[in-house]
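Thanks for coming, everyone. Please take a moment with the sequence and the model on the screen, and then I will walk you through the ligand site and a few points in the backbone.

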Amino acid sequence: MEKRYLFTPGPTPVPPQVLAALAEPVLHHRGPDFQAVYARCLERLEAVCRTEREVLLFTASGTGLMESAVANLVSPGDRVLVVSAGYFGERWAALAGAYGADVDELAYAWGEAPSAADLAARLDGHTVVFLTHSETSTGVVADVQALAAAAKEAGALVAVDAVSSLGAVPLETDAWGLDAVVSGSQKALMTPPGLAFVTVSEQAWARRGSAPRYYFDWERTRAAQEQLDAPSTPATSLVVALDVALGLLLEEGLEAAFERHVRLGRACRAGVQAMGLELFSPDDDSASVVTAIRAPEGIDSGELVLTLRDRFGITLAPGQGPIKGKVFRIGHIGWFDIFDITTALAAVELALAEAGAEIERGVAVTAALDAFERPLTVA
Ligand code: PMP
């Protein structure tokens, strides 16, 4: 009889309506029952991605669709530019390298925010620029609109990892001229892991590369989807679930969801700072996806995360790469409300106090509630 809480930036908690959909009898992927759901789910994805073009849906994790962007846009030997400032930016570089691209990296220290001016200065005939919208490892949400504008200006295609940002913070696929936007089911879209998708601009279709590809070949999936079919058996139950989740998100409204995420981010930052902890992620409204927090002196953040799980059934995310052991992360994307934040804060407070950390007790929850309630226009 232990209640468990999932407060990570993916996978994220799944609403009961979506879980119930997962328990429905399995549909055959070529039957009309499934096709009706499939069509609606694809339409809803277009709305969430803010694109007029089709969204290609795959049974894969987010990394699979990152790989698809490389496999479809790159030819071996192409000079591409990866903007990286954390774990997932580095993944773009590794993927492009694996496909034989000549990878140039505009690399920042973990936790820094990439700048469009740096990108513009660095661009020099690169065919594709790979960007990370929300760098989940650090909590930084990059200004993809400005970065993409710089890349387009230099004639490059722009591929964006929006795995942890889509549905949480504004992203305009068409209006910002993004050529490929990749995301997945298990973050702000409130569905278990297993589905991922990509938008493809007209320019990207025209400038596809020659890297070998099969499962992730965009054209095979596009041609199948046009007939409401798929080149291989999709995870039909997950599509049914994603359709329900997208319905919930669109019913709330994208703008309302973005505002809720801003308020959740404010609440989380106010709470951790009130108890005397230092932020690793930025202290501003851009950081609405995940709050990264430095563990107090003498406390290993990985140990803290384990203690929270063992003592209270609460899962937070540890630090990765160079900030492993130093930083822990509270996610707040998707099906989160203020009481998820206050629960996480209360547990962190208790666990740190028990570990002998010097923190102020009894103030974090109130600070979080106050920050959440404050009108958005007031800084
Ligand atoms: N990019 C970002 C920004 C992510 O947060 C993640 C997942 N944490 C991924 C890519 C990879 O997605 P997946 O684990 O579904 O392959």
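Let me begin with a definition: a residue is called buried when its relative accessible area is under 20%, exposed when it is over 50%, and partly exposed in between, using a 1.4 Å probe and the protein chains only. Please keep in mind that this is a predicted model, in which local features need pLDDT of at least 70 and side-chain atom pairs count only at pLDDT 80 or more, while totals for chains, interfaces and linings use all residues. Residues are numbered from 1 along each chain as its sequence is written, and side-chain values use heavy atoms, with hydrogens and water left out.

With that definition in hand, Met190 counts as buried, at 6% relative accessibility. Met190 lies in the loop between strand 9 (180-184) and strand 10 (195-200), where helices (H or I, at least four residues) and strands (E, at least two) are DSSP runs numbered from the N terminus. The phi angle of Met190 is near 60°, a positive value in a residue other than glycine.

Arg50 likewise has a positive phi, near 55°, and is not glycine; its place is the loop that runs between helix 2 (32-49) and strand 2 (55-59). Is Arg50 buried or partly exposed? With a relative accessible area of 42%, Arg50 is partly exposed.

One more backbone point concerns the peptide bond from Gly10 to Pro11, which is cis, with omega near -5°. Pro11 belongs to the loop between strand 1 (5-6) and helix 1 (16-22).

Now to the ligand, which is surrounded by 13 residues, each having a heavy atom within 4 Å of it. Ser61, Thr63, Thr136, Asp161 and Lys187 are the closest of them. By class, this shell holds three nonpolar, seven polar and three charged residues, where Ala, Val, Leu, Ile, Met, Phe, Trp, Tyr, Cys and Pro count as nonpolar, Asp, Glu, Lys and Arg as charged, and the others, Gly among them, as polar. Helix 3 (62-73) and helix 4 (87-98) each supply at least two residues of the shell, and helix 3 gives the most, with three.

As for individual atoms, an oxygen atom of the ligand is 2.5 Å from an N or O atom in the side chain of Ser61, and a nitrogen atom of the ligand is 2.5 Å from an N or O atom in the side chain of Asp161.

Technical notes: Polar contact = N/O pair within 3.5 Å; in protein donor to acceptor, adjacent residues only side chain to side chain.
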